[in-house]
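The structure is shown first, and the notes follow by topic.

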Amino acid sequence: MAFRLFSPILAGATLRERMIACFDATIGIALTGAIGGLVLGSGPHVPLLVAPMGASAVLLFAVPASPLAQPWSIIGGNTISALVGVIVARFIHEPVLVVGIAVSLAIAAMSFTRCLHPPGGAAALTAVFGGPAVIDAGFLFPFVPVALNSIVLVALGYGFHKLTRRTYPHGTTAASKNSHGTIDPPAQERIGFRPEDIDAALGALEETFDIDRNDLERLLRQVELQAMVRTHRTLLREDIMSRDVIALDEHADADEARHLLLDHNIRMLPVVDAEAKLIGAVGLRELARAAQAVKSVTKAVATASASAPAMGLLPVLTDGRSHAVVIVDDNQHILGLITQTDLLAATARAQAGDKALAEAAA
């Protein structure tokens, strides 16, 4: 609220993110121009850096997750649009017509080649009205300097995003698959909205949104989760966890582990080291190939803190792989354990309590 200077702003953006984008764009554009100068030489007749690169830099550094800011969008969109502009300028000489046709055909070409990039429209206009330098370059202009600038800018953007630990190119999340190899949707996707509901909603709105469809689904599922966590925020993990946890020393043999699992009718045993710190877990699947110490077959296990909302564990315990989450302190000592059954019972009780409150209020 204190920085209204930056409003309106894209969802999820912060002042820190914008400051990083400004710094990266400063260095990125400067280096792109410098590299262009090294390759092409210098002089007023040489277009070292075309204007659309400034708009490309906004997308690349400020909204790198946008489908319009991906490498092929930047390189292909700028290059193809510039080529369209050069071709149109060769056949149409009426200024009013050439600008409209160049931009419209650039949009069509980018759409068909799946590289829609807003600065591409500017690249097409630059090819039409770029002046003597562009005219002299002819059909070379879309490749040098436009494609050259675009490739250098994308390479620099990739490097900057890696340095700041951001994912670029942006990888969309693959659709969830059932871990049991059947055609049923994963457990967490059997209630609430479905992928076809997203398609129907997009069709009903009849608008285009600057977000990948899979990213949109991931965002909506996170909204569902956060809403559930908020409505059950008072139910903490420490409230529902088992505290008498049966753990196993890493040097214990496989037979002892099997007996513990069967005697206590449990599916997973946490494994600890000599300092009682959690190092992983074993289940019957792992023990089936263990001959001696369980340490050799210990697998990673999901962990969580005790003081957070219990409903925040829903994604982990419904992923089809994890049957339990180990609750640990800051030193990785075991405080408790929450199983799928624990969370299911807590959810049922919370729903019953909400229903009782609603009926009492009515």
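Cys-115 is buried, because its relative accessible area is 0% and buried means under 20% relative accessible area, with exposed over 50% and partly exposed in between (1.4 Å probe, protein chains only). The model is predicted: local features need pLDDT of at least 70, side-chain atom pairs count only at pLDDT 80 or more, and totals for chains, interfaces and linings use all residues. Residues are numbered from 1 along each chain as its sequence is written, and side-chain values use heavy atoms, with hydrogens and water left out.

**Cysteines**

- Cys-22 has a relative accessibility of 46% and therefore counts as partly exposed.
- The whole structure contains 0 disulfides, a disulfide being a pair of cysteine sulfur atoms within 2.5 Å.

**Sheet**

- Helices (H or I, at least four residues) and strands (E, at least two) are DSSP runs, numbered from the N terminus.
- Three strands form an open sheet in the order β1-β2-β3, with mixed pairing; two strands pair if DSSP finds at least two bridges between them.
- The edge strands β1 and β3 each pair on one side only.
- Strand β1 (residues 248-249) runs parallel to β2, with 2 bridges, and Leu-248 has Val-271 as its bridge partner in β2.
- The pairing of β2 with β3 (residues 278-282) is antiparallel, over 4 bridges, and here Val-271 is partnered by Gly-280 of β3.
- In β2 (residues 269-272), Leu-269 and Val-271 point one way while Pro-270 and Val-272 point the other, and all are buried.
- In a regular strand the side chains alternate between the two faces of the sheet.
- The hairpin of β2 and β3 has 5 residues between the strands, and Ala-276 there takes a positive phi near 65 degrees.

**Glu-250**

- Glu-250 sits in the loop between β1 and α11 (254-264).
- With a relative accessibility of 10%, Glu-250 counts as buried.
- Apart from neighbours within four places in sequence, Glu-250 is in contact with residues including Val-271, Val-272, Ile-279 and Lys-295, where contact means heavy atoms within 4.5 Å.

**Helix α11**

- Asp-253 caps the N-terminal end of α11, with a side-chain oxygen 3.2 Å from the backbone nitrogen of Asp-255.
- Ala-254, Ala-257, Leu-260 and Leu-261 of α11 are buried. They lie on the same side of α11 because they cover an arc of only 125 degrees around the axis, the arc being that of the directions from the helix axis to the C-beta atoms.
- His-259, Leu-262 and Asp-263 are exposed on the other side of α11.
- The buried residues of α11 pack against β1, β2 and α12 (284-287).

**Nonpolar cores**

- The largest nonpolar core has 21 residues, of which Leu-60, Phe-61, Phe-141 and Leu-153 touch the most other members. A nonpolar core is a set of buried Ala, Val, Leu, Ile, Met, Phe, Trp, Tyr and Cys residues joined through side-chain atoms within 4.5 Å.
- At least two residues of this core come from each of α2 (52-62), α3 (71-91), α5 (119-129) and α7 (142-163), and α7 gives the largest share, 7 residues.
- Beyond its neighbours within four places in sequence, Leu-60 is in contact with residues including Ile-74, Leu-153, His-161 and Tyr-168.
- A second, separate core of 14 residues includes Ile-240, Leu-313, Val-325 and Leu-343.

Notes
Polar contact = N/O pair within 3.5 Å; in protein donor to acceptor, adjacent residues only side chain to side chain.
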